[in-house]
Amino acid sequence: MREIDAIVAEYNKLKAEEISCVLATVVHVKGSSYRRAGARMLVDEFGNLTGAISGGCLEGDALRKALHALHQQKNKLVTYDTSDENDAVIGAQLGCNGIIKVLFEAVDFGNEQNACELLQIARKTEENASILVEFDLEESNFQPGTTALIYSEDKIFTSAEINKEVLFKASEVIQKKRSDILKLEKNGSSCIKYIQFYEPAIKLVLIGAGNDAMILANQAELLGWKIIIADGRPTHANTQRFSSGCQVIVTRPEDTLENIEIDERTCFALMSHNYNYDLAVLKLLLNKREVPYIGILGPLKKWERMQDDLNHAGIQISNVDEDRIHAPIGLELGAETPAEIGLSILAEIQAVLTASSAKSLKHKNSPIHERTTSEIPSI
């Protein structure tokens with residue numbers, strides 16, 4: 001389950017039981033940190049945590065800060081400096097050497113557009129969006145918090161007034177798919193607006209409902225991906241074999257795509273162990289240019305045979321198709337078992353969607369995480 005899904009699910013449970021809570025959001029990172037800006041954690045009045053804002057070194061103090069914000073019913077900005085080895089507040093060090101700003105928001109259940117409600121809308125809408133989180137560098141000043149969910153100039157969820165400069169930056173964030181920081185001066189003080197790029201979960205369509213697909217579906221669900229299973233055999237494609245979180249479709253290969261909503265984050269793994277079934281679905285996918293990843297389980301000879309059959313049918317594989325088709329499927333990890341093969345498949349999909357090299361981090365000379373937000377001036 002994705003962090004945002006877990007937070008929204010827990011929020012709904014707490015709201016139903018009228019248990020107060022606070023949302024903690026990392027709004028800015030300077031230097032190194034285990035989590036980047038946009039990481040969130042929900043804290044209830046009993047000290048239970050959902051999500052994480054670090055690798056564990058900040059959570060203890062963050063819990064105290066969250067309960068303090070809850071008690072005062074006031075948003076608070078807290079700065080953590082993990083570069084200070086003598087800081088007892090931080091606790092166990094990860095050697096991160098960074099400055100992390102965390103915003104704590106006391107959640108008002110009566111506000112239909114509170115921070116968690118906006119996250120819930122984003123999760124349900126399944127479109128790229130900008131999430132606006134506002135804060136003041138003077139920690140003692142009023143901290144607005146999460147104030148808007150912006151899809152376009154005509155599609156905004158907010159109870160606050162959004163000026164044109166913010167709308168322009170929010171649109172730019174969606175276009176570039178990159179979070180950013182906007183600093184605005186007002187009445188002699190600075191208000192910082194962290195504009196987070198939000199994109200829906202990866203959608204993985206498994207063509208085939210064999211035992212290996214069951215394992216891959218479970219692994220992908222742990223990553224928070226949405227899983228769709230398509231197979232012509234009702235004995236295999238059913239909810240007894242796959243979790244309730246999966247969409248299971250019993251279909252002929254030529255009708256496979258009729259009940260699947262495809263977008264630029266929809267990936268396919270052809271693994272029915274039926275050559276003709278996989279080939280029929282592949283023919284359909286060649287016309288779906290928005291699909292970024294098509295993986296084909298099996299040896300290289302299978303893919304070569306498919307290319308011959310496509311050529312005989314007058315279907316040409318374009319250079320674009322060659323880039324998005326991965327056959328044999330997966331990264332070279334020395335995988336043998338179905339779980340290991342599943343790991344190699346998921347790792348390859350992740351690398352493709354993030355345009356990553358998939359090389360060992362030991363060979364990376366630049367920071368592990370790309371800087372996704374601008375530095376805040378005058379810090």
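Predicted model: local features only at pLDDT ≥ 70, side-chain atom pairs only at ≥ 80, totals over all residues.
Let us start with the antiparallel sheet. Five strands, written here as 5 strands in the order β3-β2-β1-β5-β4, make up an open sheet with antiparallel pairing. At its edges stand β3 (49-51) and β4 (76-81); each has a single partner strand, so one side of each is left without a neighbour in the sheet. If you compare neighbouring strands here, ignoring direction, they are turned by 25 degrees against each other on average. Further in, strand β1 (residues 21-31) runs antiparallel to β5, and 9 bridges join the two. A handy place to look along this pairing is V26, which stands opposite V102 in β5.

Helix α1 touches β1, β2 (40-44) and β3, and its direction makes about 20 degrees with that of β2. Helix α3 touches β1, β2 and β5, with its direction at about 75 degrees to that of β1.

How do α1 and α3 sit relative to each other? The axes of α1 (residues 3-16) and α3 (residues 115-125) come within 10 Å and cross at roughly 125 degrees. The two helices are therefore oblique to each other, and their crossing is left-handed. On the α1 side the contact is made by I4, D5, V8, Y11, N12 and K15, and on the α3 side by C116, E117, L119, Q120 and R123. Sorted by class, this contact of α1 with α3 has 5 nonpolar, 2 polar and 4 charged residues.

Across the whole structure, a search finds 2 aromatic pairs.

Strand β7 (residues 145-152) and strand β8 (residues 155-158) pair in the antiparallel sense over 4 bridges. The two form a hairpin with 2 residues between them. To find your way along this pairing, look for A148, which stands opposite T158 in β8.

Next comes the parallel sheet. In what order do the strands of this open sheet run? There are 6 strands, ordered β13-β12-β11-β14-β15-β16, and their pairing is parallel. The edges belong to β13 (247-250) and β16 (325-326); each has a single partner strand, so one side of each is left without a neighbour in the sheet. Strand β12 (residues 226-231) is joined to β13 in the parallel sense over 4 bridges, and within this pairing the bridge partner of I229 is V248 in β13.

Helix α5 (residues 211-222) lies across β11 (203-207) and β12, and runs at about 175 degrees to β11. This helix has a helical partner too: α5 and helix α9 (residues 338-353) pack at an angle of about 50 degrees, with their axes 9 Å apart. That angle makes α5 oblique to α9, and the crossing is right-handed. In the contact, D212, I215, L216, Q219 and A220 of α5 meet P338, A339, G342, L343, I345 and L346 of α9. By class, the residues here are 8 nonpolar, 2 polar and 1 charged.

Helix α6 (residues 275-285) and helix α7 (residues 300-312) pack at an angle of about 60 degrees, and their axes are 11 Å apart. This makes α6 oblique to α7, with a right-handed crossing. The residues that meet are Y275, D278, L279, L282 and K283 in α6 and K302, W303, R305, M306, D309 and L310 in α7. By class, this contact has 6 nonpolar, no polar and 5 charged residues.

Technical notes:
Residues numbered from 1 in each chain as written. Heavy atoms only, no water. Pairing = 2+ DSSP bridges. Contact = heavy atoms within 4.5 Å. Axes fitted to C-alpha atoms, helices over the stretch in contact; angles between N-to-C directions. Parallel < 35°, antiparallel > 145°, perpendicular 65-115°, else oblique. Left-handed = near helix turned anticlockwise from the far one by under 90°. Nonpolar A, V, L, I, M, F, W, Y, C, P; charged D, E, K, R; others polar. Phe/Tyr/Trp six-rings, centres within 6.5 Å; stacked < 30°, edge-to-face > 60°.
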